[in-house]
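Hi there,

Here is the structure I promised to pass on.

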Amino acid sequence: MSRLMILLLALTLPMTAMAVEPDEMLEDPVLEARAREVSRGLRCVVCLNQDIDSSNAGVARDLRLLVRERIVAGDSNSETLAFIQARYGDYVLLKPPLNTRTYVLWLAPPAMLVIALGFGAATLMRRRKRGIATELSPAEEREIHQFIERQKAEKDT
Amino acid sequence: MTRTLAFLPLFIAVVFGGFFLWGLNPDRDPNEIPSVLISQPAPEFELDPVVGVETPGLSRSDLAGNGTPVVLNVFASWCVPCRAEHAVLTSLVERDGIQLFGINYKDKPADAARWLSELGNPYSRIGSDLSGRAGIEWGISGVPESFIIGEDGTVLYRYVGPVVGEAAISKFREALVQAGALEREEP
């Protein structure tokens, strides 16, 4: 059992490995941490659904180096993102910005939630207003009375 | 109220159906990366010539003021599709008189020189982009990529991947016609 555990643990280790190569890393751990944070928000333009921090593509490596260069040059995280966004467009950001083209994307989920809650509330309110019947209506009483009479009549014959 | 509500499922089906129909459109390429450069001035860059090749280097100022729109092709000797595309570009230069510039992307100069002497050199200028930095300025995702740049230095068109095969060539030629670099061919 413990052997199996060791094997499983050994197998999970490679998954945590990043594509960032030692020669790319900055000496200053604070700046390196910022570079990692920025690169996790940038899309690799070759592999599309991967961030550049975990991509082995050549362009991703170039962008990682560029991110570090900008950070060392004194850019803030958002300035670094803006620098790359100016060249690759909104597409390079893994978190799409809120603008006229993305209103549907950002506003559709809350709008759907509001609509769904509205419908739910309206249905509940209507049900509560109607109330639960505690006695039969005169028409129902009459119907039952007729039914009992008919049954009696059938039995007698 | 109930009567209008009865149409709600139909309405939802129409909305979702329309969305799916849009998604199924075969002409829509979900992998296409929109370029921010279109209708923008070409990015600033300056590249030395490839060592061992006679052709002069390339910078931003070379792209404008040629009297006609020009084609900028990003290529490398290690890029196999570039080899296939080379014949198409050569024909554009020799048959149609298109002015072609090249960025030799992340290539060893010796390899690039051998590649060009073997296949021929249709480029009037080639910049050697050893670091890939000019490639980033152009927002490329890989090689080959081709741009059409207007007389005033505005980027008019971007083609990602090799211009090879009838569909790609006619698409690129159409873009050249639109840019005013080619006469429309009579069918």
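How many residues of chain B are in contact with chain A? Eleven residues of chain B are in contact with eleven of chain A, where contact means C-beta atoms, placed from the backbone, within 7 Å. On the chain B side, the touching residues divide into four nonpolar, six polar and one charged (Ala, Val, Leu, Ile, Met, Phe, Trp, Tyr, Cys and Pro count as nonpolar, Asp, Glu, Lys and Arg as charged, the others, Gly among them, as polar).

Please keep in mind that this is a predicted model: local features need pLDDT of at least 70 and side-chain atom pairs count only at pLDDT 80 or more, while totals for chains, interfaces and linings use all residues. Residues are numbered from 1 along each chain as its sequence is written, and chains are lettered from A and ligands numbered from 1 in the order in which they are written.

Chain A has domain 1 (2–92) and domain 2 (103–156), with bounds from an automatic or database domain assignment. Their C-alpha centres lie 58 Å apart.

Also in chain A, the axes of helix α2 (residues 29–40) and helix α4 (residues 77–88) come within 10 Å and cross at roughly 45° (axes are lines fitted to C-alpha atoms over the stretch in contact, with angles from 0 to 180 degrees between N-to-C directions; helices are DSSP runs of H or I, at least four residues, numbered from the N terminus). A:Arg34, A:Glu37 and A:Val38 of α2(A) meet A:Asn77, A:Thr80 and A:Leu81 of α4(A).

Best wishes

How values were computed
Two residues are in contact if their C-beta atoms, placed from the backbone, lie within 7 Å. Helices (H or I, at least four residues) and strands (E, at least two) are DSSP runs, numbered from the N terminus.
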